[in-house]
Amino acid sequence: MENRKKILSELFDKYRNEFKELNEYLYNNPELGLQEYKACTAHTNILKKYGFEIEKGFANLETAYKASYKKGDGPRIAILAEYDALPEIGHGCGHNAYGVTSIASGILVKELMQKLDLQGEILVIGTPAEETNGAKVDMAKLGIFNDIDIAMSVHPCGETHFRSGKSHAMEALQFTFKGKTAHAAASPHEGINALDGVLNLFNSINALRQQMLPSARIHGIISKGGEAANIIPDLAIANFYVRAETLEYLKELVEKVKNCAKGAALASGTKLEIINYETSFANLVTNKKLMELYEKNLRTLGVTDIRDREGFGSTDMGDVSHCCPTIHPHFPLTTRHLIGHTIEFASATIQEEAYKGMKEACLAMTLSCIDIFEKPEILKEIKEEFYQTFKKSKGEKL
């Protein structure tokens, strides 16, 4: 083990300047979801350079890719890479560092597979648009992960390393209320106020919160509420996210929210349209055996502060976790507390301090992959947990 850690540490340091150059290039060239052409090219160029077979336009997505290295028969392990940015603030979620860490892990796994003559396949899969459309959702629907034995990725954060836990299942709903314009002072009685429909919706949802599980979340904005104060608005739009810990409860809660909207429309005399304006995400189900393996390897690197993460949002890694054993832990860019989706978070991704956490996460993922390639009993336990978890969730007899 000590020898392997030394080899991997030296390999990371050997390629460190290239990893840093890629990370800073992505930081300086942020691209929104499904527009990550520069990022996709930069990712695939370095993976091709180090011996991976490249498939661009993977899963019918222009900015997705699959990079693979296969040697004989054995486990198929996928390390997922993200690289989309946010409007205005660039890489405020750190997906530049996220993607580079995944690429670094893929390269190091390949190197060790060759040195140790290990059988199997390592894949780096580029998954665009996590912040919006969530490419992993479409990939999951296409069955991309059904024949993958293990899927992993590690997301940047602040403070310290965090275990993979859970995420909310999420549905993005847009409510459009349509009414009739009129002069708000001279003839308001001749109008139908679409904004009243939206306001009624907010009030109904606020009342609903008392009767929903504390772990669930409903939050929204008024994206259109009228043109002028002296005109009864004939169009008003509200966008909401509805989140829950399980898909089952999400479905129940979404129906209640839609009923709030229907009641709001009835009370205001408006017409209502409901659509999904973004891709819905499943909840993340962490494979505990796989997480234990990753944590064990993290600790062998001298990392002792590994915490459970409090609070969580939604991620398309959730959809992956319903297809194959999955983990999605976090690594620190800094020991300071960081708030995601901020300029400060983006800036932290290119500081010298960030490469310590990136290296630790990269080496822990690499060692976990090697353990799985070498020890069939580990993979058997991981897959048995996955089987048991999802058979139970579907109510099937074991």
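Biologist: At what angle do helix H1 and helix H3 pack?
Modeller: The model is predicted. In it, H1 covers residues 2-28 and H3 covers residues 95-116. Two packed helices are described by the angle between their axes and the distance between the axes. For H1 and H3 the axes are 9 Å apart, and the angle is about 145°.

Biologist: Is the crossing of H1 and H3 left-handed or right-handed, and how many nonpolar residues does their contact have?
Modeller: The crossing of H1 and H3 is right-handed. H1 brings residues including Leu 8, Phe 12 and Phe 19, while H3 brings residues including Val 100, Ile 103 and Leu 108. By class, the contact has 2 polar and 3 charged residues, and the nonpolar ones number 17.

Biologist: Into which domains is the protein divided, and what distance separates their centres?
Modeller: Domain 1 takes in 1-167 and 283-393, and domain 2 takes in 169-276. Their contact takes 8 residues from domain 1 and 7 residues from domain 2. Taken over C-alpha atoms, the centres are separated by 38 Å.

Biologist: Which residue of S10 stands opposite Ile 222?
Modeller: S10 spans residues 235-244 and pairs with S9 in the antiparallel sense over 7 bridges. Opposite Ile 222 stands Ala 238.

Biologist: Are H5 and H6 parallel or oblique to each other?
Modeller: H5 covers residues 194-208 and H6 covers residues 247-268. Their axes come within 8 Å and cross at roughly 140°. An angle over 145 degrees would count as roughly antiparallel. H5 and H6 are therefore oblique.

Biologist: How many charged residues does the contact of H5 with H6 have?
Modeller: H5 passes H6 in a right-handed crossing. Among the residues that meet are Leu 201 and Ile 205 in H5, and Val 257 and Ala 261 in H6. By class, the contact has 9 nonpolar and 4 polar residues, and the charged ones number 2.

Methods. Residues are numbered from 1 along each chain as its sequence is written. This is a predicted model: local features need pLDDT of at least 70, side-chain atom pairs count only at pLDDT 80 or more; totals for chains, interfaces and linings use all residues. Side-chain values use heavy atoms; hydrogens and water are left out. Axes are lines fitted to C-alpha atoms, for helices over the stretch in contact, and angles run from 0 to 180 degrees between N-to-C directions. Helices (H or I, at least four residues) and strands (E, at least two) are DSSP runs, numbered from the N terminus. Angles under 35 degrees count as roughly parallel, over 145 as roughly antiparallel, 65 to 115 as roughly perpendicular and the rest as oblique. A crossing is left-handed if the near helix is turned anticlockwise from the far one by less than a right angle, and right-handed if clockwise. Contact means heavy atoms within 4.5 Å. Ala, Val, Leu, Ile, Met, Phe, Trp, Tyr, Cys and Pro count as nonpolar, Asp, Glu, Lys and Arg as charged, and the others, Gly among them, as polar. Two strands pair if DSSP finds at least two bridges between them. Domain bounds come from an automatic or database domain assignment.
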